[in-house]
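Reader: I'm new to this one. Could you walk me through it?

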Amino acid sequence: NLRYPADVSNGTRGVFAGGDPNSGQGNTNVIQYITIATTGNATDFGDLTVGRHAPAGVSSDTRGVIGGGNSGSISDVMDYITFATLGDATPFGDLTVARNHLAGASRF
């Protein structure tokens, strides 16, 4: 069970990042993905720069950005992934104010 991950997609891959894996027992930095056109279990994509739950995701055709959340305190960290390349997230910048339980957005 994974509560409060960020979700991003480019229409081909669906990505789940961060979250609370144990019902209030901590945060994860794990990024997982699925291929939307096929059935099957999630696969490891990489890691966020900081483990956190309740971040938000925004995405385009090529990139997903995961921002905010709670890593023991409310976070202002933003990371990004490139959908076509598996691997760890890269720092994107900081939110103007630390926040969690944000809403996400996408062009799809």
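**Salt bridges and a hairpin**

Author: Let's start with Arg3, which is partly exposed, with a relative accessible area of 34%. (Buried is under 20% relative accessible area, exposed over 50%, partly exposed in between, using a 1.4 Å probe and protein chains only.) This is a predicted model, where local features need pLDDT of at least 70, side-chain atom pairs count only at pLDDT 80 or more, and totals for chains, interfaces and linings use all residues. Residues are numbered from 1 along each chain as its sequence is written, and side-chain values use heavy atoms, leaving out hydrogens and water.

Reader: Which residue meets Arg3 in a salt bridge?

Author: A salt bridge here puts a side-chain nitrogen of Lys or Arg within 4 Å of a carboxyl oxygen of Asp or Glu. For Arg3, the N to O distance is 3.2 Å, and the partner is Asp20.

Reader: Is Asp20 buried or exposed?

Author: Its relative accessible area is 3%. Because the cut-off for that class is under 20%, Asp20 is buried.

Reader: Which residue takes a positive phi in the hairpin of β1 and β2?

Author: Strands are DSSP runs (E, at least two residues), numbered from the N terminus, and two strands pair if DSSP finds at least two bridges between them. β1 and β2 pair in the antiparallel sense over four bridges. Three residues lie between the strands, and the one with a phi near 95° is Gly11.
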